[in-house]
Amino acid sequence: MKHKRSEDAIKFIKEKKDSLIIAAVAAVAVVMGALSVNYLNVQKQAETQKAFGEAILSSASDRDALMENLREISQNHKGSVYATYSLMLLGQNLLEDGEYTEAAIILDEALKSKQPAPFLTVQILELKATALEFDGALDDALTTYDKALSVHNGSGFRKNDILLKSALLNLRMGQTDIAQKRFEEIVADSAASERTLRIAKNELSVLEF
């Protein structure tokens, strides 16, 4: 029997590439500023933080300028967390533009950069997996989703969202048993969001039927 996806699941799939940046840029910038002390001296840190702030502010009026500034930061401030985050934002924007292959390349570059905390790595991996999925590289996408799940290291950060994405991809690839286990894992987690829980339950009901 052909698996019929719920309307919620279909909407979730369509929205994937447009809703992946979790924290507000301003908040993340503050966190990154504190963490980057480990990698840069005080003066260099201040210069990098200023460049990053200016790049973000430019997005309010000129998206092309933002993209160019982010590229410059990623090249001129290598070794900083800001460079990594700039690559991540570049990848996310390319993903939203439908440039899936280039997005995956940029995000892979981000994964090779400085990453002070698992939450940043998880976000980059999630973005890369989505780019690969939309580009048709389904096996690589699934592997990358799995890697993101392993990196979160029990913190729960984005766990259920990534589980849902990977489970829906499992279904798409005909891996029903794996998908069912992942839906069940979401349902069993009291921390799952209402929407994620609803989709997982709907998908399980269709599978069981």
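Helices H9 and H10 are roughly antiparallel to each other, a label used for angles over 145 degrees, while under 35 counts as roughly parallel, 65 to 115 as roughly perpendicular and the rest as oblique. What you're looking at is a predicted model, where local features need pLDDT of at least 70, side-chain atom pairs count only at pLDDT 80 or more, and totals for chains, interfaces and linings use all residues. Residues are numbered from 1 along each chain as its sequence is written, and side-chain values use heavy atoms, with hydrogens and water left out.

**The whole protein**

The protein has 11 helices and 0 strands; helices here are DSSP runs of H or I with at least four residues, strands are runs of E with at least two, and both are numbered from the N terminus. Take the contacts (heavy atoms within 4.5 Å) with a separation of 6 or more: 61% of them join residues 24 or more positions apart.

How confident is the predictor? The mean pLDDT, a per-residue confidence from 0 to 100, is 80, and 72% of the residues reach 70 or more. Residues 18-38 have pLDDT below 50, and in the model this stretch makes 37 contacts beyond near neighbours in sequence.

**Two helix pairs**

Two packed helices are described by the angle between their axes and the distance between the axes. The axes are lines fitted to C-alpha atoms, for helices over the stretch in contact, and angles run from 0 to 180 degrees between N-to-C directions.

| Pair | Angle | Axes apart |
|---|---|---|
| H7 (residues 118-134) and H9 (residues 159-172) | about 20 degrees | 11 Å |
| H9 and H10 (residues 176-187) | about 160 degrees | 8 Å |

With that angle, H7 is roughly parallel to H9. Their crossing is left-handed, which is to say the near helix is turned anticlockwise from the far one by less than a right angle (clockwise would be right-handed). On the H7 side, Val 122, Glu 126, Thr 130 and Glu 133 touch Ile 162, Lys 165, Leu 169 and Arg 172 of H9. By class, that contact has 3 nonpolar, 1 polar and 4 charged residues; Ala, Val, Leu, Ile, Met, Phe, Trp, Tyr, Cys and Pro count as nonpolar, Asp, Glu, Lys and Arg as charged, and the others, Gly among them, as polar.

H9 and H10 also cross left-handed. Their contact includes Leu 163, Leu 164 and Ala 167 of H9, with Ile 178, Phe 183 and Ile 186 among the H10 residues. This contact divides into 9 nonpolar, 4 polar and 3 charged residues.

How values were computed
pLDDT is the predictor's confidence in each residue, from 0 to 100.
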